[in-house]
Amino acid sequence: MKKIQRAYLSLMLKENEKSITIQRICQEAHVTRPTFYKLYKDIVELRIDLHNSILNDLRQSLTITHPKRIDELRSEDLPENMVALFEHIIQNQLAYEVMLVYKPDDLFIQEVKNIIRHYVEDGIRVSQTSEEGLRMEMSFVIAYTTGAYLESIVWWVRSNYKYSAVTMASKLLEISFHGPYKNPILWNK
């Protein structure tokens, strides 16, 4: 199954999607057509299975298992699921390169965004006792953070995984808590 999925993704990266056939996938994967048909009835089913497999893994990697309140976090604490997010992307590198960056798949991107949004919502709920602890309305914070995470992932893929999974998780956490500036900007009121 993984060989067929990998072959499909490789072809997607190199070719126009409309030119990809079951025959080409089988040649790329070095499997026979009957092997393909034992697993999938067509390319659409292959694509759906690929989406579901990757998205389920992503959901699992972003499940908060050891929640901490914001006042319990230390600067050296990295939520294991933030590291797991970037490790998951590395393990599924070709899929993210194809479906998120180089041949964007709208359904895949929307589902990734939904999973990240759910993770952000859960993270805010377990780390704060109420919405009063936030500087801004919760729905805005969730939308902003979800977009920032997604664009950070795209940047990381485009930059050829410039940083390790741990460093990326650390950078996201740091910018989330302290913003991007070395010297914080103090607004005059």
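Buried means under 20% relative accessible area, exposed over 50%, and partly exposed in between (1.4 Å probe, protein chains only).

**Ground rules.** I noted that this is a predicted model, where local features need pLDDT of at least 70, side-chain atom pairs count only at pLDDT 80 or more, and totals for chains, interfaces and linings use all residues. Residues are numbered from 1 along each chain as its sequence is written, and side-chain values use heavy atoms, with hydrogens and water left out.

**Aromatic rings.** I searched the whole structure and found 8 aromatic pairs. Rings of Phe, Tyr and Trp (its six-membered ring) pair if their centres lie within 6.5 Å; planes under 30 degrees apart count as stacked, over 60 as edge-to-face, and the rest as tilted. Tyr-96 and Phe-108 make an edge-to-face pair, 5.5 Å centre to centre with 65° between the planes. Tyr-96 belongs to helix H6 and Phe-108 to helix H7, so this pair ties together parts 12 residues apart in sequence.

I then turned to Phe-140 and Tyr-144. Their ring centres are 6.4 Å apart and their planes meet at 25°, so the pair is stacked. Both sit in helix H8, 4 residues apart, which is about one helical turn. Phe-140 is partly exposed at 45% relative accessibility. Tyr-144 is exposed, at 58%. I also logged one aromatic cluster of Phe-36, Tyr-37 and Tyr-40.

**Helix H7.** I checked its length. H7 has 22 residues (106-127) and should span 32 Å; its end C-alpha atoms are 31 Å apart, which agrees. The expected span is 1.5 Å times one less than the number of residues. I listed its buried residues, among them Phe-108, Ile-109, Val-112, Ile-116 and Glu-121. What covers the buried residues of H7 includes helices H4 (43-61), H5 (80-91), H6 (93-102) and H8 (138-158). At the start of H7, a side-chain oxygen of Asp-105 comes within 3.1 Å of the backbone nitrogen of Leu-107.

**Whole chain.** I counted 9 helices and 0 strands. Helices (H or I, at least four residues) and strands (E, at least two) are DSSP runs, numbered from the N terminus. Of the 189 residues, 39% count as buried. I looked at contacts (heavy atoms within 4.5 Å). Among those between residues at least 6 apart in sequence, 64% join residues at least 24 apart.

Key
Polar contact = N/O pair within 3.5 Å; in protein donor to acceptor, adjacent residues only side chain to side chain.
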